[in-house]
Amino acid sequence: MREQGCINPLWPCAMTGAVACLAGFSDLGVIVHGSSGCYYYTETLVPVPVHSTFLVEEEVIFGAERRLQEVVGDLASLYQKLAIVNTCVPSVIGEDMHLFLEDYDVMIVDAPGFSGHLEDGWRKAIDTLEPEVDEQRAGINIDGLFSADPFYSGNRMEAERLLAMAGLAPATRFCADTLHKAYRAAPVTVAANPDFRTGVGTDAGSLMGIRPLKSCFSRIAALCTDADIDPVMDLIDEAEERIIHACDRHLRRFDPPATAIFAGFGQAEAVATMLRDYLDAEIVVIGSRNRPGTSPFPVAETRDLDQITDLIVHHAPDLVIGSAYEETVAGRASFVPLTLPIRGRIILAHRPLAGTEGALGIMESVLNACMDTKRKP
Amino acid sequence: MNSNPLPLNLSRYEGCTITGALAVSAFIPDAPTVVHGPTGCAHHNLSLLHATLLQQDRLPLPRVYATSLGEQDIIFGGEEALERTIEQVLQRKPRAVCVISTCITETIGDDTDAVCGREWGVPVIHLHSAGFLGGSFNEGFVNALKGIGTLVSPAEAHDGGINIVGEKNLEFEVEENYEEVARLLGLLDLEVNVRFVRNTRVDDISRFSEGSINILREGALDPIGRHFHEQFGQPYLSGFPVGLQGTRAFLQAIGDACGIKANEAIAAEKALQEEVAADFADLRGEVINLSPFGFQCPEFFLLSEVAGAIGLRIAPEGTEIPVPFGTPVGTAGIRRMLHQWRRFLHA
């Protein structure tokens with residue numbers, strides 16, 4: 001049985017995911033092979049310049065060979081390599097682009113919108129890129145850096161800070177690095193965002209949430225004999241103490257919030273676990289943007305704002321965590337932003353969700369939002 | 001972005017027909033829109049709508065359905081998905097349904113007209129779009145206005161007031177621009193009949209033909225003006241008022257079209273414009289340089305007219321002032337622009 005139509009869909013398509021992934025490599029020029037409509041939306045999500053063939057009707061009818069050669073020719077000297085991401089119509093037409101671009105160093109990612117969602121396109125891009133591990137490479141790879149993620153740069157900085165405290169250098173940042181480094185990744189990887197894991201190297205775990213953070217650095221110690229994780233463990237303990245202290249004070253005055261969380265499954269579960277552990281919060285539902293794994297919390301997979309509205313109305317949470325879309329249907333519940341898009345507020349600082357600063361930031365936002373709501377007349 | 005188009009084709013850069021069509025259909029509260037294509041197409045345009053509505057402090061979001069075509073639908077056709085989605089929409093008892101096709105449904109040859117043309121119990125209108133294959137934003141916008149026009153019932157008399165046609169619903173100052181036009185009409189004791197289309201219900205749209213004259217948002221909508229003139233016999237005015245003299249000419253044109261003497265209204269507006277000029281008398285003698293920022297037109301007559309009225313001189317050595325992105329509407333728009341100019345001069 002085919003999936004029924006979606007009402008107010010709030011998650012980008014595969015093409016966007018592929019572009020956002022590849023745009024993280026500074027020496028890789030990314031070309032959206034499609035119309036201006038596809039390009040303009042993607043351009044609003046990705047914080048670095050991307051390019052487009054800006055196709056028009058006659059190029060669909062008579063072939064896009066000349067147009068592609070023109071755009072690729074213009075850009076070839078500016079980048080180490082070019083990536084062409086197919087949108088829906090060129091994908092269906094199926095022109096053999098390798099044939100007429102044989103003079104150029106290009107990779108072609110077939111990620112039309114109809115082939116899936118954001119994370120599906122991201123995965124196709126990684127699979128086409130085929131990163132490689134160099135067993136001799138020192139340092140730790142940072143995974144889960146996804147340019148459309150509002151916490152992308154904050155996560156990168158926080159991951160680098162914690163690794164440096166443990167005496168470790170960042171190796172390859174997936175995907176916020178050079179193409180060259182993608183083919184010389186270190187053997188061990190940590191994930192700043194658990195929903196975007198490349199699978200490159202041995203996974204030491206996620207940096208998101210206090211428990212996963214401890215577990216991740218314990219594993220790093222086991223995998224990397226030159227790591228000194230004690231300063232990081234001390235920092236995690238200190239952060240946890242601060243969270244416990246603030247949450248205990250909150251609980252002396254307020255009931256724990258019944259909470260609905262809407263984000264990628266990995267991120268949502270990390271936040272849910274912290275809220276349960278430190279604030280005794282009831283997680284009434286996790287609305288997962290991507291395919292969920294097993295969870296101790298109730299989980300529904302949805303990218304449909306109508307379904308999300310129904311979930312919020314049904315569960316009547318005190319706290320909603322999600323994107324600007326959930327904010328519009330949160331009603332009188334407190335709201336904390338977690339996933340894209342975040343709108344209606346200014347974000348200048350490089351805030352992380354990962355690491356100790358990320359955990360502190362999430363809990364700080366939750367407690368402040370809950371207090372603000374309680375104070376409203 | 002690539003700036004070397006081949007072949008020369010301006011539509012290359014002008015966005016998608018879906019965005020244009022949705023900029024109309026999403027503003028009919030009791031006629032939900034179905035985007036017939038992959039979920040991503042609906043999301044991309046809904047996202048733009050969401051960002052825009054947040055800036056206009058207007059929430060919640062209109063209801064936009066996606067037929068959510070996947071690979072199997074692309075291979076075997078998406079008409080069944082469209083049928084199912086229309087049935088899903090009808091469960092909520094809308095007064096009408098708008099259907100926007102996408103480039104991929106056009107490519108695979110779905111007969112969207114045929115599906116929409118079946119007996120559904122309420123009007124199901126195919127707003128011809130087809131993504132970039134149907135043109136660009138403006139074609140989507142114009143086709144949507146034409147399509148929505150099929151909801152209009154013919155009237156025996158055109159005495160119901162003035163219709164406003166083709167407001168730019170994604171424009172930041174859309175409400176302020178409307179209020180200025182409504183204020184000017186008020187000087188002539190005229191009222192707005194139908195805003196076609198901005199937050200207008202289906203029953204109100206059906207009264208469109210009762211309007212005595214259609215005021216188009218801008219000249220690019222002249223084909224729509226002619227379309228409704230042929231269909232309902234309504235004259236049209238090609239664009240909102242622009243400039244000091246232009247605003248007074250707008251009053252004269254409306255008065256002529258409606259058989260109303262406009263002399264008093266024009267005199268009142270001229271007095272208001274003199275008040276505005278007096279409010280900015282402190283800028284007299286300042287020198288400004290209008291900056292096009294690469295794509296705007298600094299020779300636009302409005303800017304030199306306003307500068308002259310205030311006593312500003314335009315010269316290359318003057319303080320750089322950007323040409324406004326949106327053309328100020330009426331005297332109120334000019335006043336807001338002058339506040340910005342003062343800020344530039346004093347910053």
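Trainee: Which strand of chain B is joined to β1 (residues 6-7) of chain A, and by how many bridges?
Mentor: Strand β1 of chain A is joined by two bridges to β2(B), and the two strands run antiparallel. Please bear in mind that this is a predicted model.

Trainee: Which residue is the bridge partner of A:Cys6?
Mentor: A:Cys6 has B:Ala66, in β2(B), as its bridge partner.

Trainee: How many residues does each chain give to the contact between chain A and chain B?
Mentor: Chain B gives 49 residues and chain A gives 45.

Trainee: Which elements of chain B supply at least two residues of that side?
Mentor: They are α1 (17-25), α2 (39-55), β2 (64-66), α3 (71-76), α4 (79-90) and α5 (103-108) of chain B. The largest share comes from α2(B), with eleven residues.

Trainee: And how do the residues on the chain B side divide by class?
Mentor: On the side of chain B that touches chain A, 25 residues are nonpolar, 19 are polar and five are charged.

Trainee: Let us turn to chain A itself. What domains does it have?
Mentor: The domain assignment gives domain 1 (14-129), domain 2 (140-228) and domain 3 (236-375).

Trainee: How far apart are the C-alpha centres of domain 2 and domain 3 of chain A?
Mentor: Those centres lie 23 Å apart. The contact takes 24 residues from domain 2 and 24 residues from domain 3 of chain A.

Trainee: Which helices supply the domain 2 side of that contact?
Mentor: Both α8 (152-165) and α10 (210-223) of chain A supply at least two residues each to the side that touches domain 3. The largest share, seven residues, comes from α8(A). By class, that side of domain 2 has 13 nonpolar, six polar and five charged residues.

Trainee: What about α15 (residues 355-375) of chain A: what span should it have?
Mentor: At 1.5 Å a residue, the 21 residues of α15 should span 30 Å, and the end C-alpha atoms are 30 Å apart, so the two values agree.

Trainee: Which residues of α15(A) are buried?
Mentor: Among them are A:Gly355, A:Ile362, A:Met363, A:Val366, A:Leu367 and A:Cys370. The elements covering the buried residues of α15(A) include α8, α10, α11, α12 (265-279), β13 (319-322) and β14 (334-337) of chain A.

Trainee: You mentioned α11. Why does A:Arg242 count as partly exposed?
Mentor: A:Arg242, which is found in helix α11 (residues 230-253) of chain A, counts as partly exposed because it has 15 C-beta neighbours inside 10 Å. A residue would need 20 or more to be buried, and 12 or fewer to be exposed.

Trainee: What is the strand order of the open sheet of four strands in chain A?
Mentor: The order is β3-β2-β4-β5, with parallel pairing. The edge strands are β3 (51-52) and β5 (106-110) of chain A, each pairing on one side only. Strand β2 (residues 28-33) of chain A is joined to β3(A) by two bridges, and A:Ile31 stands opposite A:His51 in β3(A).

Trainee: Back to chain B. Why is strand β6 (residues 192-196) largely enclosed by the rest of the structure?
Mentor: Four of the five residues of β6(B) are buried, so the strand is largely enclosed.

Trainee: How does β5 (residues 162-165) of chain B pair with β6(B)?
Mentor: The two strands pair in the parallel sense over three bridges. B:Ile164 has B:Arg195, in β6(B), as its bridge partner. The chain crosses from β5(B) to β6(B) through helix α8 (residues 174-187) of chain B, and this β-α-β crossover is right-handed.

Terms used: Residues are numbered from 1 along each chain as its sequence is written. Chains are lettered from A and ligands numbered from 1 in the order in which they are written. This is a predicted model: local features need pLDDT of at least 70, side-chain atom pairs count only at pLDDT 80 or more; totals for chains, interfaces and linings use all residues. Domain bounds come from an automatic or database domain assignment. Two residues are in contact if their C-beta atoms, placed from the backbone, lie within 7 Å. Ala, Val, Leu, Ile, Met, Phe, Trp, Tyr, Cys and Pro count as nonpolar, Asp, Glu, Lys and Arg as charged, and the others, Gly among them, as polar. Two strands pair if DSSP finds at least two bridges between them. A crossover is right-handed if, with the strands pointing away from the viewer, the path from the first strand over the helix to the second runs clockwise. The expected span of a helix is 1.5 Å times one less than its number of residues.
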